Amino acid sequence: MPAGKDEKLYVEPLASGHDRSGFESGVEVLDRYFRTQAGQDARKNMAAPFVLALPDGTIAGYYTLSSTSVQLAELPEQTLRKLPKYPRVPATLMGRLAVDRRLQGKGYGRFLLADALYRSARSEIASFALIVDAKDDSARRFYERESFLPFPEQPMKLFRTMADIKRLFE
């Protein structure tokens, strides 16, 4: 757990009261998105941004969830055997995940990922898997350590089945 034992951490939907101006993950595209686009995406139902706000109001990190679909032909053979033969299957996309650079290495990324997994598993909307697009090899290794599997033809695109995620929370 990234916080001290008396510090309660929670993730909540992005709201207008969250100060995003000082957030810096070190990845400009993620920072710019969070500061300028995340609120619009939330209002237009294009993505659901969630933030990890520390007790002092500092945003430690954020992630986004939205719906997507996957072509069956993109998936590994062993996964295909378990799915109906539809051309596409519904999935959940975690489009972005970022931790403020001043707080990296403290477990906040794993905390945010766990929250995203939990929210995805609790959803009443059908979804076969949680999909992520790793920005670089370091991010890919992070997701692989968390039991995500790469798409055969797209090693930077990874997934974890919802059945597997739900088992985490039983």
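**Ground rules.** The model is predicted, so I noted that local features need pLDDT of at least 70, side-chain atom pairs count only at pLDDT 80 or more, and totals for chains, interfaces and linings use all residues. Residues are numbered from 1 along each chain as its sequence is written, and side-chain values use heavy atoms, leaving out hydrogens and water.

**Helix H1.** I looked up H1, residues 28-43. Helices are DSSP runs (H or I, at least four residues), strands likewise (E, at least two), numbered from the N terminus. At 1.5 Å a residue, its 16 residues should span 22 Å, and the end C-alpha atoms are 23 Å apart, which agrees. The expected span is 1.5 Å times one less than the number of residues.

**Buried side.** Which residues of H1 are buried? I found Leu 30, Asp 31, Tyr 33, Phe 34, Ala 38, Gly 39 and Asp 41. Buried means under 20% relative accessible area (1.4 Å probe, protein chains only). After H1 comes Asn 45, with a positive phi near 60°.

**Pockets.** A pocket is an open set of points on a 1 Å grid over the protein atoms alone, where a 1.4 Å probe fits, with protein on both sides within 12 Å along at least five of seven lines; lining residues have an atom within 4 Å of a point. Of its 27 lining residues, Leu 97, Ala 98, Val 99, Gln 104 and Ala 139 are closest to the centre. E4 gives the largest share, 6 residues. The second largest pocket holds about 360 Å³. There E3 gives the largest share, 3 residues.

Key. Buried < 20%, exposed > 50% of the residue type's maximum accessible area, 1.4 Å probe, protein only. Points joined across faces, edges and corners; volume = space filled by probe spheres on them.
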